[in-house]
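Please read them with the structure open beside you.

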Amino acid sequence: MELELIKRCIKEDRRAQELFYKECYARFIGTAYRYSNGKEQAVHFFNLGFVKILLNLKQYNPENPFDYWAKRVLINTILNELKKEKREHERVLPTEDISHYTQTTWDEEDDAVIREKIELIREKANLLPPMTRNVFNLYTIDGYKHHEIASMLDINENTSMWHYSDAKKKLRKMLDLN
């Protein structure tokens with residue numbers, strides 16, 4: 001993210017904020033999809049997270065990668081929203097296959113095989129129990145440690161490790177890798 005654009009956003013430059021929104025949307029909507037029940041909820045989650053990112057830009061330290069900081073703000077916002085929904089007895093976790101939102105690029109010769117495997121894993125991961133799927137996403141895809149996941153989801157660190165282990169076991173079975 002261009003530091004000059006961030007500075008302009010802090011100064012409440014509306015054109016800069018619009019451009020900033022578009023750039024953040026392209027980078028982070030896939031993250032919102034992983035925790036949503038569909039496009040509408042993903043956009044809602046992204047918008048909530050974007051507002052928090054925008055309001056807290058003054059706290060961003062330019063010595064650290066912007067994407068890491070912003071993604072952390074977004075994921076924390078989403079998890080807080082999911083906790084709120086859980087308290088209201090609504091659906092909490094994603095069910096939509098998000099494989100078509102992957103922005104990873106690979107060598108051309110491996111592209112088809114790798115994408116096929118990724119899609120299959122994501123498809124099977126969507127079949128995991130909700131909490132197990134959340135822990136799997138946070139640990140495997142978003143790179144959080146178990147103590148961070150435990151704090152985010154209000155569970156014990158050992159419970160987080162169990163869910164991750166259970167996810168691996170169930171995915172291996174679903175993919176016939178035993």
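1. Buried is used here for a residue under 20% relative accessible area, exposed for one over 50%, and partly exposed for anything in between (1.4 Å probe, protein chains only). This is a predicted model, in which local features need pLDDT of at least 70 and side-chain atom pairs count only at pLDDT 80 or more, while totals for chains, interfaces and linings use all residues. Residues are numbered from 1 along each chain as its sequence is written, and side-chain values use heavy atoms, with hydrogens and water left out.

2. Twelve aromatic pairs are present in the structure; rings of Phe, Tyr and Trp (its six-membered ring) pair if their centres lie within 6.5 Å, and planes under 30 degrees apart count as stacked, over 60 as edge-to-face and the rest as tilted. Tyr60 and Phe66 have ring centres 5.3 Å apart and planes at 85°, so they form an edge-to-face pair, and both residues are buried. Ring pairs also join these two into a cluster whose members include Phe20, Phe46 and Trp69.

3. Tyr139 and Tyr164 are a tilted pair, because their ring centres are 4.4 Å apart and their planes at 50°. This pair links distant parts of the chain, with Tyr139 in helix H6 (residues 130-141) and Tyr164 in helix H8 (residues 157-174), 25 residues apart; helices (H or I, at least four residues) and strands (E, at least two) are DSSP runs, numbered from the N terminus. Tyr139 is partly exposed at 30% relative accessible area, whereas Tyr164, at 17%, is buried.

4. The structure has eight salt bridges, each being a side-chain nitrogen of Lys or Arg within 4 Å of a carboxyl oxygen of Asp or Glu. In one of them, the closest N and O atoms of Asp67 and Arg27 are 2.8 Å apart, and this pair connects distant parts of the chain, Asp67 being in helix H4 and Arg27 in helix H2, 40 residues apart.

5. Within helix H8, Lys170 and Asp166 are four residues apart, about one helical turn, and their side chains meet in a salt bridge (3.2 Å, N to O). Lys170 is partly exposed at 30%, but Asp166 is buried at 7% relative accessibility.
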